[in-house]
Amino acid sequence: MLFLINDLSFFKRKNVITLTICFWLVLFNFHKSFAQDSLLNKHISISFNKISTIDAIHQLQKVSGISFSYDPIIISNKSILPKAFSDTKIRIILAYLLSNREFIYEEVAQHIVINKIITKYSTLNGIVYDMETGENLIGATLQIEDIKQLTNQYGYFSISLPAHSYVLFISYIGYKTKTISVDLSKDNYLSIALERQSYQLNEVNFKPISLANESVEALSYIKNISINGINKMPYFGGEVDVLKALQNQTGIVNSSEGSSSLSVRGGNFDQNLVLIDEAPIYNPSHLFGLVSVFNIDAVKDVELYNDYIPANFGGRLASVINTKLDEGNLTSFHLKGGLSLLSGRIAAEGPLVKNRSSYLLSVRRSLTDLYNNEFKYSNINANYFDFNLKTNYIINRNSRIYFSIYHGFDHLFSDNEYTNNWSNTTSTLRLNHIYSPQLFSNFSFIFSNYNNTLSFPNFSLKNKNWITGIKDITWKADFTFYKKPENRIQFGAFITNHLFKPGETLHRDSAMSLNRIIALEYAFYYNQEIDLSKVVQINYGLRAGFFNSSETSRQGENGSPTSYFNLEPRFLISFKLNKNQKVKFAYTRNIQNIQVVQNNEQAYSSLETWLPSGPNIKPEKADMISLTYSFWKNKGTILNAAIYYKKLYNQSDILDHTQIILNPSFVNNLKFGMGKAYGFELSLQKSIKKLSAEVGYAYSRSLRSISLINNGNPYPTNFDTPNNLKVNLSYDMGKRLTLSALFNYKSGRSVTLPTGYYIENGIRIPIYDGRNTSRFPNYSRLDIEVILNPKNNKGLYLKKRIWESTWTFGIYNLYNRKNLLFYRINQDQTIKNLGFEESFSGVIPTISYSFKF
């Protein structure tokens with residue numbers, strides 16, 4: 001019993017000690033909290049003028065008598081607005097000075113310590129794709145609060161935000177907008193399927209990305225051609241054509257009617273980089289330009305860069321036409337095709353492994369030779385065919401592989417036994433890989449081969465053919481780092497091995513052939529896009545390029561190499577004046593190491609001689625500045641106004657009357673000098689109920705100044721057409737009928753015409769006075785078209801499939817304008833006129849039919 005009493009006393013003493021310790025701990029913490037609260041809750045009166053934030057904190061410290069501790073780096077030193085406080089708590093004054101909720105204040109040893117809250121970020125990444133076909137959607141818009149981002153060319157997106165719950169909106173033209181609740185407490189990957197609003201036969205519909213409602217704030221230097229709308233533009237022969245459609249963009253002109261060549265802001269046609277799935281196309285024309293190499297059934301997306309060109313593109317001075325092919329339907333088999341007066345085409349697509357691998361195969365052939373069509377300026381028979389094949393395989397959600405092939409062949413045969421054959425072949429193998437939610441990569445292995453063979457009658461077998469061409473093998477790696485929604489970084493590298501055939505006979509006869517040239521070209525690039533605020537966005541980049549070339553003889557001996565190194569900076573800054581207006585300024589330097597030599601002014605010459613930079617040919621260089629104003633309204637009004645000036649260096653031209661074919665010394669007649677191009681562009685798009693109108697006007701000049709040509713005086717280029725007006729109207733008469741009209745007017749291009757002649761050996765020899773001192777007559781043309789979409793059929797043999805079709809009826813050159821194509825020297829001495837004119841065509845009815853099921 002005594003033992004129990006003693007033990008109980010011990011227990012009581014122990015509890016008393018424990019309670020005492022707890023009491024003092026609570027009192028200490030209460031005192032600390034009270035002291036901290038008393039510092040931040042201290043009332044003072046203070047007035048601030050317009051001073052920096054740091055100076056304001058110093059003033060607060062002096063008036064309050066309290067020491068403040070902080071790292072100056074974390075505090076913005078911008079000026080505060082003047083304000084007076086009377087008997088106000090210090091914590092309220094601090095909240096005003098720091099103007100956000102990213103800081104925490106605490107009292108330590110009678111000091112107020114200011115620290116920045118460390119925010120945890122998570123990344124939302126994934127792909128956006130078509131629910132029906134499984135194909136990734138390029139340029140889909142994702143929006144979280146006031147943050148917007150577009151999917152890249154593979155449908156990928158990545159957005160890093162503070163860990164929180166958000167509502168995500170996904171939209172795309174022609175698709176239903178989708179809303180998703182997203183938990184970003186950790187990184188999250190989404191595969192987002194969008195449903196079409198209505199499924200219609202694919203044609204071409206123009207929509208400039210820079211002004212497309214939700215896309216105004218992003219990628220304002222790209223013009224995009226969507227393949228999901230209805231085509232409302234008339235075409236020659238009813239043949240839907242990407243390059244012909246591009247020619248109707250403001251600031252772009254073709255050299256002659258019917259040609260596929262493009263002069264972009266005063267640039268030569270060889271100064272455009274034309275890509276099919278990243279592979280360069282060196283001659284993008286069929287039938288001398290009446291048709292381009294792009295089969296509309298195989299094309300998924302086309303991007304045009306004609307102003308600011310990002311550093312990941314290089315090698316051309318004027319523009320980039322970046323074309324991507326369809327991957328094929330991942331879920332079901334489909335057949336599509338069509339007929340026009342120029343060609344017939346058919347394409348098949350479907351899954352190899354459902355929802356994992358797909359293919360697309362398209363074939364096209366000309367019909368002109370089948371009904372013995374004759375061009376106006378010569379008795380010519382020609383045909384062509386091309387095909388596209390693309391397949392892909394989804395390895396896992398982080399990796400996907402693509403493989404594509406294009407091959408096109410043209411055959412020209414004339415009554416006098418001249419033949420001309422040319423072909424383009426490209427192949428691209430690509431691997432997409434996501435290293436992390438913020439780091440996207442693409443690795444490509446690319447092959448491109450262009451060959452052109454001209455055959456002559458009455459020549460020896462040894463020298464019967466004149467062959468030119470260029471072959472490329474390229475490896476490239478591209479990376480995109482999505483640092484933050486307002487900060488995206490791109491970087492990468494590429495290396496290309498070129499093999500040039502400037503001109504040679506079949507057996508490379510040394511007396512009549514040029515040496516082949518091997519060149520190695522490689523570059524590194526860096527791009528960054530930063531939104532400095534909701535108003536200001538900047539894009540800048542740098543490209544470092546190396547070029548090394550050397551001749552190789554028939555015996556395989558290499559000559560002395562020539563090397564060049566160039567830096568290509570670029571910069572764009574855009575200011576959003578308000579929700580409907582934007583101004584942007586851009587500067588771009590571009591270098592071009594390869595160029596075409598051609599002495600034929602006609603647009604229909606397919607024989608192109610590509611030459612690289614070397615000992616006597618320096619790389620071409622262009623510096624361009626531009627200023628653009630944009631205005632838009634949600635009701636369908638878009639206005640663009642732009643001015644630009646381009647300075648060109650090391651521009652080449654060839655002396656008058658130089659023969660290139662079977663003449664290995666023609667390179668000695670190349671001369672070099674300066675050039676400039678400048679202009680003003682104005683475009684307006686307006687929709688009024690069922691009527692849509694696009695009007696574009698451009699004033700542009702393109703001049704060269706080259707020694708020994710035109711006596712060294714400046715002269716206009718062959719593609720100099722000062723005034724260009726384009727009007728495109730479309731009227732929707734209902735669900736199944738659309739009327740459209742296209743009007744073109746432009747100044748006649750410059751040309752060198754003889755001022756007289758003399759007779760030698762019974763032949764008229766023209767006398768010329770200066771380069772390009774004359775002009776063709778002004779050009780104009782009106783085309784009209786009716787587009788009919790019959791009611792979709794669901795026949796017995798189609799089972800659950802729907803047959804969709806489109807008929808197009810039109811008239812090309814409605815008022816029968818005889819636009820001059822070229823002048824021909826008249827050798828008939830009984831006729832006084834030295835030359836006579838040839839025009840392209842008169843009134844031509846057109847018809848085409850397209851289908852899909």
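These are my notebook entries on a predicted model of a single chain.

**Entry 1: the whole chain**

I started with the overall numbers. The chain has 853 residues, and buried ones make up 53% of them. I count 4 helices against 53 strands. For contacts with a separation of 6 or more, 64% are between residues 24 or more positions apart. The exposed surface comes to about 38,900 Å², with 58% of it supplied by carbon and sulfur atoms.

I looked at confidence next. Mean pLDDT for the chain is 84, and 85% of the residues reach 70 or more. Among the elements, strand 18 (residues 279-280) has the highest mean, 97, while strand 13 (residues 205-207) has the lowest, 43. Residues 23-36 have pLDDT below 50, and that stretch makes 5 contacts beyond near neighbours in sequence. Residues 374-379 also stay under 50, with 16 contacts beyond four places in sequence.

Which strands does the open sheet hold, and in what order? I read the order as 2-5-4, with mixed pairing. Strand 2 (67-69) and strand 4 (103-108) are the edges; each has a single partner strand, so one side of each has no neighbour in the sheet. From one strand to the next, the twist averages 25°.

I then followed one pairing. Strand 4 and strand 5 (residues 111-116) are antiparallel over 6 bridges. One pair I clicked on was I104, whose bridge partner in strand 5 is N115.

Two helices came up while I was there. Helix 2 (residues 53-64) packs on the sheet and touches strand 2 and strand 5. The direction of helix 2 makes about 150° with that of strand 2. Helix 3 (residues 90-98) lies across strand 2, strand 4 and strand 5, at about 140° to strand 4.

**Entry 2: a closer look at helix 3**

Just after helix 3, I found S99 with a positive phi of about 55°.

I moved on to a hairpin. Strand 7 (residues 141-144) pairs with strand 8 (residues 147-150) in the antiparallel sense over 4 bridges. Q143 stands opposite K148 in strand 8. The hairpin has 2 residues between its strands, and E145 in the turn has a positive phi of about 55°.

Strand 7 also has strand 10 (residues 165-171) as an antiparallel partner, joined by 4 bridges. Here I144 has L168 of strand 10 as its bridge partner.

Next I picked two residues and listed their surroundings. F443 is in strand 29 (residues 439-455). Beyond four places in sequence, F443 contacts L429, R430, L431, Y435, W475, K476, A477 and F479.

T480 lies in strand 30 (residues 465-484). Is T480 buried or exposed? It is buried, because its relative accessible area of 9% falls under the 20% cut-off. Leaving out neighbours within four places, T480 touches Q438, L439, F440, R488, I489 and Q490.

**Entry 3: positive phi in two loops**

Most residues other than glycine have a negative phi, which made me look up two exceptions. K689 is not a glycine, yet its phi is positive at about 55°. K689 sits in the loop between strand 40 (670-688) and strand 41 (691-706). At 85% relative accessibility, K689 counts as exposed.

N711 is the other one I noted: its phi is near 60°, again positive in a residue other than glycine. N711 is in the loop between strand 41 and strand 42 (715-716). With a relative accessible area of 74%, N711 is exposed too.

Note on methods
Residues numbered from 1 in each chain as written. Predicted model: local features only at pLDDT ≥ 70, side-chain atom pairs only at ≥ 80, totals over all residues. Heavy atoms only, no water. Buried < 20%, exposed > 50% of the residue type's maximum accessible area, 1.4 Å probe, protein only. Contact = heavy atoms within 4.5 Å. Areas by Shrake-Rupley, 256 points an atom, 1.4 Å probe, with all protein chains shown as cover. pLDDT = per-residue confidence, 0-100. Pairing = 2+ DSSP bridges. Axes fitted to C-alpha atoms, helices over the stretch in contact; angles between N-to-C directions.
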